[in-house]
Every structure is written in C-alpha cells, then in structure tokens.
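Subject: Structure for you to look at

Hello,

Here is the structure I promised you. Please open it first, then read my notes beside it.

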Amino acid sequence: MSVIDEVLAANEIYSRNHELRKLTPRPERKLAVLTCMDTRLSIRTLGLKTGDAHIIRNAGGIVTEDTLRSLVVSHYLLGTEEIMVINHTDCGLMHTSEQDLRARIQNRTGTDAVGFDSFYTFQNVEENVRSQLQKLRAHPSIPKNVAIRGFVYDVTTGRLREIKDAASSDKRDSDQVGH
Ligand SMILES: [Zn+2]
C-alpha cells in the first residue's frame, strides 16, 4: 500500500463525521501566514486551529509572484488583515546553492533545470526574512493598513523570534510572541 492509498483510507474514515464541515472559507482570526513547507512547522506550533488562518507554504517561505497572488486573494476576497512571514533555522535551502541544486537536477535528468528563475537558496535566515518583508511592503496591491511582521522559527527550541526591519511600526514593541 502506498502512502497515498493510506491517505485515501484515512479520508474515508474522516468523511464519516466531517467535523470541519461547519467552517467557512474566511479565516476566523483574519490571519495569513506565509511559511516554509518544512515538516517541523504546523498550525500547532502557532497555537492555531484549522479555520483560524490561511497558511501559504512553499520551500523557504518566500514571497514569489504566486505567494503575492495568494495573499492578495486572501486579503481582498477572504478578509485577512495581518500577514505573518515565518522562515526557520535548518532550512533545506540554506544547505545548498543555486548551482548545486541545478547540478543535481542535471545529473539526474540529463537536462538543464528549465522554468525556474531561482530556487531562492539563502545563507542568512534573518536577512532572508527581511528581504521577504521588503517585497511585501513594496507591493502596491498590499494595502498599508495590512499588518506585516516577520519571524524566524527555531526548530530546536520551538520558539518564534521577531525580525524587525526599518518599516516595522513603533507600536509593535514586543520582540517576543506570546507576551
Ligand atoms: Zn525550510
């Protein structure tokens, strides 16, 4: 049995009660989270329940054209008012380089990795968060009254640490989440 078959069997059991039926498509806590697809990060890590927030994930937690599209849909159509960007320690994209990844793909497939402008590899996780914040703040379709804050999730301690940038508002005094 493949894992996908196992998932289908589990879904069959879930659907008998389908307790998430009562949720609406609008995130209850009006939050959108952009983060990495890393296995160690989850709504549980953030104290969220299914239905509380939009969770937008990609390798790295990178603001790409498609991320922006999702965030714009999230805000304008589904009412989210705060955006949280979370990158994390020990990210796979920190342990490689654009050249290395391209070489791996070429070695396996015998052909160049086409169709990717960038894999968004990075060295410094804090700088990477700041660069995502900058892309969001600079985008004309994201209104200024949408709160945008950036964080590094430490996979060892389980804690979020806020990364301030020049545009971080003064009213956001706390450096720690949960205080
Ligand atoms: Zn990652």
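**What I found**

Helix α3 is followed by G110, whose phi is positive, near 75 degrees. Helices here (H or I, at least four residues) and strands (E, at least two) are DSSP runs, numbered from the N terminus.

Some ground rules. This is a predicted model: local features need pLDDT of at least 70, side-chain atom pairs count only at pLDDT 80 or more, and totals for chains, interfaces and linings use all residues. Residues are numbered from 1 along each chain as its sequence is written, and side-chain values use heavy atoms, with hydrogens and water left out.

**Confidence**

pLDDT is the predictor's confidence in each residue, from 0 to 100. Its mean over the protein chain is 93, and 94% of the residues reach 70 or more. Residues 170-176 have pLDDT below 50; in the model this stretch has 13 contacts (heavy atoms within 4.5 Å) beyond near neighbours in sequence. Where pLDDT is low, the predicted coordinates should not be read in detail.

**The helices**

Back to α3. It has twelve residues and reaches 17 Å from its first C-alpha to its last. That is close to the 16 Å expected at 1.5 Å a residue. The expected span is 1.5 Å times one less than the number of residues.

Now α2, residues 65-78. Its 14 residues should span 20 Å, and its end C-alpha atoms are 19 Å apart, which agrees. Which residues of α2 are buried? T67, L68, L71 and S74 are. Buried means under 20% relative accessible area, exposed over 50%, and partly exposed in between (1.4 Å probe, protein chains only). These four cover an arc of only 125 degrees around the axis, which puts them on the same side of α2. The arc is that of the directions from the helix axis to the C-beta atoms. The buried residues of α2 pack against β1, β2 (53-58), β3 and α4 (125-138). The face turned away carries the exposed residues E65 and L77. Just after α2, G79 takes a positive phi of about 80 degrees.

C36 lies in strand β1 (residues 31-36) and C91 in the loop between β3 (82-88) and α3 (98-109), so the pair ties together parts that are 55 residues apart in sequence. C36 is buried at 5% relative accessibility. C91 is buried too, at 2%.

Best wishes
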